[in-house]
Amino acid sequence: MTIGVIVPRLTDTVMAMLYEAIARACGRTGRIALVATTDEQVEGELRAAESLLQRGVDGLILATARDDDDLPDILAKRSVPFVLALRTDGKSLSSIGDDRLGGHLLDLGHRRIGIIAGPGYASSARGRQEGYLRALGEQGIGPDPNLIVDSTFSIDAGTDAALTLMRLSSPPTAIFAVNDNTAIGAMSALLNLGLRMPEDVSLVGYNDIPIVGCLPTPLTTLRVPFDQIAMTALDLLISGRSRPCEPIQMAAPTLIPRRSTMANAGKERTADVTTRG
């Protein structure tokens, strides 16, 4: 009746929203959710799992899956019930968003779109980049490596990545950030460069954390259905191993259009903006 939840950090609004959704799902079924954080460290994840298991939790929901993560294999060998949420390792029971969906900026007429791609170790970041590349391909647009900037999920990283994109000799007319934190950082960079949104550059984020609708330019974003992901994760944890099911369950995000995007006439801006602002 007690579920352990492991997240990288609760100062990350996305992870806090996921934990709250899991706590709500547990509450509706008479369960209690206990949380532990890892600070995005692999060794911290194992310590967090051991601490929760010592406190007698009946299963674990992990929002920390990454490429170099051995914890799922360790838990499976010990027959500890667990489910991955928001991120997946591609083989464990997982409840995630369909990170490949998007395409809004192409629908608005943009053809030179930069992406702040996020960390490669996170399946959510990889899935959103995959969706970006697939959407371009469907429009017959070849990927430009200069428009793909690897990043972390932090605001500062978003600022740095946006500056890298806008200092190109042919900068993008729009930027897609794979989470809202990096989009907030990108917005700061664009404002400091003297650029207007959406008149000069359109900007899209991902997750729809509460603050993005209250920014000076409200942010267009993809809303992740945290409550649905949480309920599915709990269901998989309780019964997924005792009945046939697809190992990875996906929930579709919802586009939330706001003022940071607009239709583009098709002219790619080539001016050097490094001297603006």
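1. A117 has a relative accessible area of 1% and is therefore buried (buried is under 20% relative accessible area, exposed over 50%, partly exposed in between, with a 1.4 Å probe and protein chains only). This is a predicted model, in which local features need pLDDT of at least 70 and side-chain atom pairs count only at pLDDT 80 or more, while totals for chains, interfaces and linings use all residues. Residues are numbered from 1 along each chain as its sequence is written, and side-chain values use heavy atoms, with hydrogens and water left out.

2. A117 sits in strand β6, residues 113-118 (helices, H or I of at least four residues, and strands, E of at least two, are DSSP runs numbered from the N terminus). Neighbours within four places in sequence aside, A117 is in contact with A125, Q129, I148, V149, D150 and V178 (contact means heavy atoms within 4.5 Å).

3. Helix α6 (residues 155-166) and helix α7 (residues 180-192) have axes that come within 6 Å and cross at roughly 50° (axes are lines fitted to C-alpha atoms, for helices over the stretch in contact, with angles from 0 to 180 degrees between N-to-C directions). The pair α6 and α7 is therefore oblique (under 35 degrees is roughly parallel, over 145 roughly antiparallel, 65 to 115 roughly perpendicular, and the rest oblique).

4. On the α6 side, the contact is made by I155, G158, T159, A162, L163 and M166; α7 supplies N181, T182, I184, G185, A186, S188, A189 and L190. The residues of this contact divide into eight nonpolar, six polar and no charged (Ala, Val, Leu, Ile, Met, Phe, Trp, Tyr, Cys and Pro count as nonpolar, Asp, Glu, Lys and Arg as charged, and the others, Gly among them, as polar).

5. Some backbone values deserve a check. Most residues other than glycine have a negative phi, and most peptide bonds are trans. D39, in the loop between β2 (32-37) and α2 (42-54), has a positive phi near 55°. E40 lies in the loop between β2 and α2, with a positive phi near 60°. D39 is partly exposed at 45% relative accessible area, whereas E40 is buried at 12%.

6. The M197 to P198 peptide bond is cis, with omega near 10°. P198 is placed in the loop between α7 and β9 (202-204).

7. Zero disulfides are found in the whole structure (a disulfide is a pair of cysteine sulfur atoms within 2.5 Å). C26 is buried at 0% relative accessibility, while C214 is exposed at 66% relative accessible area.
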